[in-house]
Amino acid sequence: APEQLVGQRCGTGADVFSLGVLIVEVFHRFRTGMERVVTLRNARDARLDEPFASSFPSVAALALQCLALDPSARPTATALVDAFALVRHPVQP
């Protein structure tokens, strides 16, 4: 998490940030090791590539929430449970 890199106190927000990186890694198909490095580095800066974002829009949106640079802007564990339920079973209009 960004706050860890600068030596600030970390709370659950740092874990949520790590989850955001993990979400990107799990849902992304890497062709090379270098592609993985670049993609995850970009994710840490809250930048997702277009193929990922367009292939998994709701997952990408959730990942971006988790990757917010401000720890207070990241979802809580309870909000994540609700968000994962929506990703799994989207509400039909």
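Author: Let us begin with the salt bridges, of which a search of the whole structure finds three. Please keep in mind that this is a predicted model, in which local features need pLDDT of at least 70 and side-chain atom pairs count only at pLDDT 80 or more, while totals for chains, interfaces and linings use all residues. Residues are numbered from 1 along each chain as its sequence is written, and side-chain values use heavy atoms, with hydrogens and water left out.

Reader: Why is the pair of arginine 36 and glutamate 25 called a salt bridge?

Author: A salt bridge requires a side-chain nitrogen of Lys or Arg within 4 Å of a carboxyl oxygen of Asp or Glu. The closest N and O atoms of arginine 36 and glutamate 25 are 2.4 Å apart, so the pair is a salt bridge. It links distant parts of the chain, with arginine 36 in helix H3 and glutamate 25 in helix H2, eleven residues apart. Helices (H or I, at least four residues) and strands (E, at least two) are DSSP runs, numbered from the N terminus.

Reader: How do you know that aspartate 45 and arginine 47 form a salt bridge?

Author: Their closest N and O atoms are 3.3 Å apart, and the limit is 4 Å, so the pair qualifies. Glutamate 35 and arginine 31 also form a salt bridge, with 3.7 Å between the closest N and O atoms.

Reader: What makes glutamate 35 buried or exposed, and what of arginine 31?

Author: Buried means under 20% relative accessible area, exposed over 50%, and partly exposed in between (1.4 Å probe, protein chains only). Glutamate 35 has 17%, so it counts as buried, whereas arginine 31 has 71% and therefore counts as exposed. In the other two pairs, arginine 36 at 36% is partly exposed, as is glutamate 25 at 26%; aspartate 45 at 43% is partly exposed, and so is arginine 47 at 46%.

Reader: Why is threonine 39 called buried?

Author: Its relative accessibility is 10%, so threonine 39 counts as buried. Threonine 39 is found in helix H3. Not counting residues up to four places away in sequence, it touches Val24, His28, Phe30 and Asp49, where contact means heavy atoms within 4.5 Å.

Reader: What makes the pair of phenylalanine 27 and phenylalanine 56 edge-to-face?

Author: The structure holds two aromatic pairs. Rings of Phe, Tyr and Trp (its six-membered ring) pair if their centres lie within 6.5 Å; planes under 30 degrees apart count as stacked, over 60 as edge-to-face and the rest as tilted. For phenylalanine 27 and phenylalanine 56, the centres are 5.2 Å apart and the planes stand at 70 degrees, so the pair is edge-to-face. Phenylalanine 27 is in helix H2 and phenylalanine 56 in the loop between helix H4 (50–55) and H5, 29 residues apart.

Reader: Why is the pair of phenylalanine 52 and phenylalanine 56 called tilted?

Author: The ring centres of phenylalanine 52 and phenylalanine 56 are 6.0 Å apart and their planes are at 45 degrees, so the pair is tilted. Phe27, Phe52 and Phe56 form one aromatic cluster. Within it, phenylalanine 52 is buried at 3% relative accessibility, while phenylalanine 27 at 34% is partly exposed, as is phenylalanine 56 at 31%.

Reader: How do you know that Leu22, Val26, Phe27 and Phe56 form a nonpolar patch?

Author: Patches are made of residues with over 30% relative accessible area and no salt bridge; like charges are joined within 9 Å, nonpolar side chains (Val, Leu, Ile, Met, Phe, Trp, Tyr) within 5 Å. Valine 26, which is in helix H2 (residues 12–27), is exposed at 58%. Together the four residues have about 350 Å² of accessible area, found by the Shrake-Rupley method with a 1.4 Å probe; for residues, only the protein chains shown count as cover.

Reader: What makes a group of residues a nonpolar core?

Author: A nonpolar core is a set of buried Ala, Val, Leu, Ile, Met, Phe, Trp, Tyr and Cys residues joined through side-chain atoms within 4.5 Å. The largest one here has 18 residues, and those with the most contacts inside it are Val24 and Leu67. H2 gives the most to this core, with six residues. In soluble globular proteins, nonpolar side chains tend to be buried together.
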